[in-house]
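Please keep the sequence and the model in view while reading.

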Amino acid sequence: MTDLITALSKSEIIPDIIPTSQAQSNPPGEKIDRDTTLEEPDIKVTPLSDTVGGEGKTYTLVMTDPDAPSRADPKFGEWRHWVITGITFPTSKGKEGVIVHKPKASSTPYHPPGPPPGTGLHRYAFLLFEEPSGSITIHPDAAEYQAAFEKRRKWNAMNFAQHHGLKLVGATFFLTKANE
């Protein structure tokens with residue numbers, strides 16, 4: 001079992017978000033200070049195989065928190081932090097990874113982690129999905145376009161992926177908690 005699969009399993013990202021049957025390997029996340037997550041990040045990907053990226057392929061990136069409002073009481077999880085579709089990779093990839101191209105605005109605008117005080121560490125998972133040929137279209141009335149706080153609750157990344165014919169090709173995560 002790879003380091004990532006071990007880390008995802010230990011943190012129960014597998015099976016809480018990613019079904020065991022779809023687990024794939026990329027470098028694992030780490031525990032980070034919440035203040036470093038406040039701005040929308042650039043997306044840097046280090047493909048581990050030639051099957052990720054390439055001419056004409058597009059991807060969707062999801063950031064989700066299954067621990068809302070807490071890991072002990074995840075009644076609002078998964079909480080949808082970010083959904084961006086139509087991502088492309090440069091055709092040449094290096095060992096250090098590449099910053100991916102975001103050709104359009106996010107379907108769900110980035111919302112930084114905000115775990116409530118006293119709820120401990122939250123798991124924030126990034127899931128990278130390959131889109132079917134021709135990319136995907138998310139209807140403007142779909143949940144993924146609803147940015148209001150209460151509309152981000154009880155979302156399911158894998159149901160979203162299945163609905164749009166997306167294939168999970170990568171995952172990573174980090175842990176953070178409230179600044180108490």
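Q: Over how many bridges do β2 and β5 pair, and in which sense?
A: In this predicted model, tyrosine 59 stands opposite glutamate 130 in β5. That pair of residues illustrates the pairing of β2 with β5. The sense is antiparallel, and the number of bridges is six.

Q: Which residue in β3 does threonine 64 stand opposite?
A: Strand β2 covers residues 59-65, and β2 and β3 pair in the antiparallel sense over six bridges. Within β3, the residue that threonine 64 stands opposite is arginine 80.

Q: How many bridges join β5 to β6?
A: The strands β5 and β6 run antiparallel. Alanine 125 stands opposite phenylalanine 173 in β6. The number of bridges that join β5 to β6 is nine.

Q: Is strand β3 largely enclosed by the rest of the structure or largely open, and why?
A: A residue counts as buried when its relative accessible area is under 20%. In β3, residues 79-87, nine of the nine residues are buried. Strand β3 is therefore largely enclosed by the rest of the structure.

Q: Which residues of β5 are buried on the side that includes Arg123?
A: Nine of the nine residues of β5 are buried, and the strand is mostly covered. One side carries His122, Tyr124, Phe126, Leu128 and Glu130, all buried.

Q: Which residues have the most contacts inside the largest nonpolar core?
A: In soluble globular proteins, nonpolar side chains tend to be buried together. Here, the largest nonpolar core has 22 residues. The elements that give two or more residues to this core are α2, β5, α3 and β6. The residues with the most contacts inside the core are Val62, Leu127, Phe129 and Phe160.

Q: How many residues does the second, separate core have?
A: This core includes Ile84, Val100, Tyr124 and Phe174. It is separate, and its number of residues is 15.

Q: Is serine 70 buried or exposed?
A: Serine 70 is found in the loop between β2 and β3. Residues up to four places away in sequence aside, serine 70 touches Thr119 and His122. Its relative accessible area is 12%, and the cut-off for a buried residue is under 20%. Serine 70 is therefore buried.

Q: How far apart in space are alanine 68 and arginine 80, C-alpha to C-alpha?
A: Alanine 68 is also found in the loop between β2 and β3, and at 8% relative accessibility it counts as buried. Leaving aside residues up to four places away in sequence, alanine 68 touches several residues, among them Asp73, Trp79 and His122. Alanine 68 and arginine 80 are 12 residues apart in sequence, and their C-alpha to C-alpha distance is 10.0 Å.

Q: What is the volume of the second largest pocket?
A: The second largest pocket is lined by 15 residues, of which Ala68, Trp79, Gly114, Pro116 and Phe149 lie nearest its centre. β3 and β5 each supply at least two residues of this lining. The lining divides into nine nonpolar, four polar and two charged residues. The volume of the second largest pocket is about 210 Å³.

Q: What pattern does the protein follow along the sequence?
A: The protein has 180 residues, and buried residues make up 45% of them. It contains three helices and six strands. Read along the sequence, the pattern is α-α-β-β-β-β-β-α-β.

Key
Residues are numbered from 1 along each chain as its sequence is written. This is a predicted model: local features need pLDDT of at least 70, side-chain atom pairs count only at pLDDT 80 or more; totals for chains, interfaces and linings use all residues. Side-chain values use heavy atoms; hydrogens and water are left out. Buried means under 20% relative accessible area, exposed over 50%, partly exposed in between (1.4 Å probe, protein chains only). Helices (H or I, at least four residues) and strands (E, at least two) are DSSP runs, numbered from the N terminus. Two strands pair if DSSP finds at least two bridges between them. A nonpolar core is a set of buried Ala, Val, Leu, Ile, Met, Phe, Trp, Tyr and Cys residues joined through side-chain atoms within 4.5 Å. Contact means heavy atoms within 4.5 Å. On a 1 Å grid over the protein atoms alone, a cavity is a set of points where a 1.4 Å probe fits but cannot get out, and a pocket is an open set with protein on both sides within 12 Å along at least five of seven lines; lining residues have an atom within 4 Å of a point. Grid points are joined across faces, edges and corners, and a volume is the space filled by probe spheres set on the points. Ala, Val, Leu, Ile, Met, Phe, Trp, Tyr, Cys and Pro count as nonpolar, Asp, Glu, Lys and Arg as charged, and the others, Gly among them, as polar.
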